[in-house]
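Please look over the sequence and the predicted model shown here before reading on. The paragraphs that follow go from one place in the chain to another.

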Amino acid sequence: RSGINAEYKRNNLIKWDPPKFGDLGKQAGDVFGKGYHFGLLKLEVKTKTDTGVEFTSGGSSNIDSGKVAGNLETKYKVKDLGLTLTEKWTTDNTLNTTLDVAGKLLPGLKLTLDTSFAPSTGSKSGKLKTEYKHEAATFTADMDLGLSAINATAVVGHKGWLAGYQTCFDLGKSAITKNNFGLGYSASDFVLHTSVVNGTDFGGSVYQKVSPALETGVSLGWSSASSATSFGIGAKYVLEDGAAVRAKINNKSEIGLGYQQKLRDGVTVTLSTLVNSGSINAGGHKVGLSLEMEA
């Protein structure tokens, strides 16, 4: 428990820079998303060579359909040049390559080239991305190499308050196709986030670190187009031995449960299940198992 308290104190002293637009409300999102692998059997293995090359290999099997997917990723960093080269191959025979250049041209500036190539079909695509981080704002922009659209985001922060905007300009239609807004407040142990997507979908979330061991999250959503409403409550609790217990429930009466245990250094197992409490006898409940190994 002393280790948890030390980490909690460190986190409360961190000065948070404005996150990217896609990471607004991430703390609550992690409470609902991390540690759950419903309907899947997953295996992930991470290794690192003496020369600094990182390898990540993984696979998953869908319990219902039996479909198996796998991937192999290599990452190499040249720190002196600020370069990171990542290559990822997947079992659908697609090769993705990412080249990052960070902090060299301008402090806080990151340039990324993403490419994808499918040898079996000859299909290829690419995207150029930029990201600039400042203590008061974070900006991102990306454009596909086919010159079809430009995406841009901006998040500004002041004394814990965060405001963000996301847009997309379709070059072919010469029209704006995305207008998204985000507003929130972030503290070391409390995060409030609200969002509006294209003026029709409204969302909100609240995250709170109640204690060094307990995290909670609440999520709300409403669509003016369909009048659909969503609501969820989730929590994560770290036990004395370092194991983590997770639980969540939504307005569809779906209950998710998760248990994560570190078996030994570098080996972690996660068990999860999803139960529809509104129709217990109808079946369709899901279980999941994930094994992560790192050397």
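**A walk through the predicted model**

The C-alpha atoms of Lys-20 and Leu-128, which are 108 residues apart along the chain, are separated by 17 Å.

One of those contacts is also a salt bridge, for Glu-131 pairs with Lys-20 with their closest N and O atoms 3.8 Å apart. The pair links distant parts of the chain, since Glu-131 belongs to strand β7 (residues 123-133) while Lys-20 is in the loop between α1 and α2, 111 residues apart. Glu-131, with a relative accessible area of 15%, is buried, whereas Lys-20 is partly exposed.

The count of salt bridges comes to six, and another of them lies within helix α2, where the side chains of Asp-30 and Lys-26 meet at 2.8 Å, N to O.

Which residues of α2 are buried? They are Ala-28, Val-31 and Phe-32. These three cover an arc of only 90° around the axis, so they are on the same side of α2. The buried residues of the helix pack against β13 (201-209), β14 (214-223), β15 (229-238) and β16 (244-250). After α2 comes Gly-35, whose phi is positive, near 85°.

Aromatic side chains come next. The whole structure holds four aromatic pairs, among them Tyr-36 and Phe-38, whose rings are tilted, with 5.3 Å from centre to centre and 40° between the planes. Tyr-36 is buried at 8% relative accessibility, while Phe-38 is partly exposed at 22%. Tyr-36 also has Lys-248 over the face of its ring, at 4.2 Å from the ring centre.

In strand β6 (residues 109-118) one finds Asp-114, whose side chain makes a polar contact of 2.6 Å with the side chain of Thr-98. Beyond its neighbours within four places in sequence, Asp-114 is in contact with Thr-97, Thr-98, Ser-125, Gly-126, Lys-127 and Lys-129.

Most residues other than glycine have a negative phi. Ser-174, however, has a positive phi near 50°; this serine is in the loop between β10 (161-170) and β11 (175-186), and Ser-174 is exposed because its relative accessible area of 55% is over the 50% limit. Asn-198 likewise has a positive phi, of about 50°, although it is not a glycine. Asn-198 lies in the loop between β12 (190-197) and β13 (201-209), and with a relative accessible area of 41% Asn-198 is partly exposed.

How values were computed. Residues are numbered from 1 along each chain as its sequence is written. This is a predicted model: local features need pLDDT of at least 70, side-chain atom pairs count only at pLDDT 80 or more; totals for chains, interfaces and linings use all residues. Side-chain values use heavy atoms; hydrogens and water are left out. Helices (H or I, at least four residues) and strands (E, at least two) are DSSP runs, numbered from the N terminus. A polar contact is a pair of N or O atoms within 3.5 Å; within protein, one must be able to donate a hydrogen and the other to accept it, and residues adjacent in sequence count only if both atoms are side-chain atoms. Contact means heavy atoms within 4.5 Å. Buried means under 20% relative accessible area, exposed over 50%, partly exposed in between (1.4 Å probe, protein chains only). The arc is that of the directions from the helix axis to the C-beta atoms. Rings of Phe, Tyr and Trp (its six-membered ring) pair if their centres lie within 6.5 Å; planes under 30 degrees apart count as stacked, over 60 as edge-to-face and the rest as tilted. A charge sits over a ring if NZ of Lys or CZ of Arg is within 6 Å of the ring centre and within 35 degrees of the ring normal. A salt bridge is a side-chain nitrogen of Lys or Arg within 4 Å of a carboxyl oxygen of Asp or Glu.
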